[in-house]
Amino acid sequence: MTDFASGIARLDAAGITGWQDDLAGLLIVCVAHGGSLGYRAPLAPERARAVFAALAEAERAGQALVFTAIIDGRIAGCIAVLAERRETEPHVAEIGKLMVHPEFRRLGIGAALIAAAERAAFAWSRPRLYLFAADDGTAPAFYDRVGYVRAGRIPEAAALPDGSLADALIFTRRLSGDSA
C-alpha cells in the first residue's frame, strides 16, 4: 500500500466545477464496474455532471466538503462529506460518493480519502459520521477495515447498478482527536 495523503486535495465549488467532467467520468466508470453509488448503469454523462453540479452548490452553501485523489493529472478517486441538515444533529455528517477508479484500486487511495474526510469532518465539528453501503461484499469489507461499525441493515434498500436489490448496511464512526 502506498501513502497517497499528499495527493489528496479538497475542492471548493469552483474546483468541483472545474473538474466536473472528470468527476462525472469517474462516477460513470465506477457505476459501470458495479459500484453501488445510487445510480443505474449505464449512467448518462449529463446525469453524472448534474451530481457534481449539485455537490458544488452544496459546497458553496457550506453543506459539503469534497476531496479528490489526483494521480498524474487524473482523478483517481473522490469522496464527499455531507452535513446533516437536521437542527438537532449539527455534530453529524454523512460520507458519500467514495469512489476509486478501477485502474487505481487496491493502492490505498480509498483509505487516504476516508482519512482526509474524517480529519475535515472532525475539524468541521462533525465527529459522528455515518454512511450507507450495499451489502455486496466489497464496500462493507473496506468500511470494516477502516474502523467503521455496522449499525444496521435495511433489507433490499440498495439498488445495484444492474437494478437488482441488495440490503443496505448502515455504518457509523465516532471520531476523536486520535481517529481524525
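Helices (H or I, at least four residues) and strands (E, at least two) are taken here as DSSP runs, numbered from the N terminus. The model is a predicted one, in which local features need pLDDT of at least 70 and side-chain atom pairs count only at pLDDT 80 or more, while totals for chains, interfaces and linings use all residues. Residues are numbered from 1 along each chain as its sequence is written, and side-chain values use heavy atoms, with hydrogens and water left out.

Just after α5, Gly147 adopts a positive phi of about 95 degrees. Within the helix, which covers residues 138-145, Pro140, Phe142 and Tyr143 are the buried residues (buried means under 20% relative accessible area, exposed over 50% and partly exposed in between, with a 1.4 Å probe and protein chains only). Viewed down the axis of α5, these buried residues fall within an arc of 160 degrees, so they line one face of the helix; the arc is that of the directions from the helix axis to the C-beta atoms. Thr138 and Arg145 are exposed on the face turned away from the buried side. The cover over the buried residues of α5 includes β4 (92-100), α4 (109-123), β5 (128-134), β6 (149-159) and β7 (165-174), with contact meaning heavy atoms within 4.5 Å.

Stepping back to the whole protein chain, the secondary structure amounts to 5 helices and 7 strands. From the N terminus on, their order is β-α-α-α-β-β-β-α-β-α-β-β. Of the 180 residues, 46% are buried. Among contacts with a separation of 6 or more, 63% come from residues 24 or more positions apart.
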